[in-house]
Amino acid sequence: MATVNLLEYLRSRTQVDIDTYDAEASREIGPFQDATGNQFEIQAEIVKPNRSAVLKRSLELAATIHPRFATITLEELAVEVVGIELALEVIQTVHGNVHVMVNPSYSYNTEAIVANAQRLHHICKIVDPYFDTSHLVTKVPATWEGMQASRQLKQSGIKTLATTVFSMEQVILAGEAGCISISPFVHELKTETYKGYKDKNPILGVCVQAQQFYQQNSLPTRLKVCVTMNLDELIMLAGIDALTITPKVLKVLAATERLQEEVESMSLFAKTTMTTEVVKYLSYIDSESQYRVHFAASEDGKAQFKTAQAISLFCDAQTAAELYIASQLEDSSYIPINL
């Protein structure tokens, strides 16, 4: 019986994006359309010995431009600079966009998120004046405040992705806010950061509903699904707009063959399972109280819990990155560079 390579199969059904700021890993397994990262990837990269030059360059640039952004600490600015530096490296290995996350500590502050996204674009132009920032997508937590920030940023031409999505309420709000994409987390983020932790309520069904909602309502927002736990879940999601996958899992997919008939029968997006019935949903973009009440009850309260948990974990990674940078600033003398 005919077999298929799992990575090739996924690429035939969906857009495959890489979840890393490691440009070498992306080159090794690519090509990919988009690349994405977050505070965990920044933290992982800056401690690598072979990243010392990037870190040094980022700290020197942060020291130089800090007077322009004096409302934040040098350590926070340095995290943003190194995030942009890494993003501009990895985008050389893909065909489309690169994604950089705002400081998760601002998840519940609309004004701070807007300022952060604008600052990331300014930093990008300082690092590379010739880079087309239409290929820079800002990742914004899918809180009420975050989606109101995305609404404002869209008006100023800054593209956003809604991250930490666990419910249809967030899906609807992100589409109304004008996010170009969303990242539903199939499992709690904690499943990736705590060994042995399991999420008993994955949201595979929400992913299907979300794609149908955007298609039926002619919204351009696309799905970039992440935090899957095994190969079966990835195969089940074949047909989703895009999958964001780590280099480690991509290598396993590239090395795995399965029966074609078995693989094709697993997709949640097979024609026989897709409904043509138009489901009516409430609008949330101008109704904060209604959104908060419905989101709090979504998935029996699990969606709100999972979102808050993910934001907390991202905040931990942000803090760890800032502390590491602070230690490097103490150990060395970084002289501002001439721009």
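This is a predicted model: local features need pLDDT of at least 70, side-chain atom pairs count only at pLDDT 80 or more; totals for chains, interfaces and linings use all residues.
Trainee: How is the packing of two helices described?

Mentor: Two packed helices are described by the angle between their axes and by the distance between those axes. Consider helix α1 (residues 6–13) and helix α12 (residues 247–254): their axes come within 6 Å and cross at roughly 105 degrees. Angles of 65 to 115 degrees count as roughly perpendicular, so α1 is roughly perpendicular to α12.

Trainee: Which residues of α1 and α12 make the contact?

Mentor: On α1 they are L6, L7 and L10, and on α12 they are L250, L253 and A254. This contact comprises 6 nonpolar residues, with no polar and no charged ones.

Trainee: At what angle do the axes of α7 and α8 cross?

Mentor: The axes of α7 (residues 144–155) and α8 (residues 168–177) cross at roughly 20 degrees and come within 8 Å. Therefore α7 is roughly parallel to α8. The crossing is right-handed. Residues in contact include W144 and R151 of α7 and L173 of α8. The contact divides into 5 nonpolar, 2 polar and 2 charged residues.

Trainee: How is empty space located?

Mentor: A probe the size of a water molecule, rolled over the atoms, shows where empty space is left. Here the largest pocket has a volume of about 720 Å³. Its lining has 32 residues, and D19, E41, E192, V227 and T246 lie nearest the centre.

Trainee: Which element supplies the largest share of that lining?

Mentor: Helix α3 does, with 4 residues. Elements that each supply at least two residues include β6 (159–165), β9 (242–245) and α12. The lining of the largest pocket divides into 14 nonpolar, 12 polar and 6 charged residues.

Terms used: Residues are numbered from 1 along each chain as its sequence is written. Side-chain values use heavy atoms; hydrogens and water are left out. Axes are lines fitted to C-alpha atoms, for helices over the stretch in contact, and angles run from 0 to 180 degrees between N-to-C directions. Angles under 35 degrees count as roughly parallel, over 145 as roughly antiparallel, 65 to 115 as roughly perpendicular and the rest as oblique. Contact means heavy atoms within 4.5 Å. Ala, Val, Leu, Ile, Met, Phe, Trp, Tyr, Cys and Pro count as nonpolar, Asp, Glu, Lys and Arg as charged, and the others, Gly among them, as polar. A crossing is left-handed if the near helix is turned anticlockwise from the far one by less than a right angle, and right-handed if clockwise. On a 1 Å grid over the protein atoms alone, a cavity is a set of points where a 1.4 Å probe fits but cannot get out, and a pocket is an open set with protein on both sides within 12 Å along at least five of seven lines; lining residues have an atom within 4 Å of a point. Grid points are joined across faces, edges and corners, and a volume is the space filled by probe spheres set on the points.
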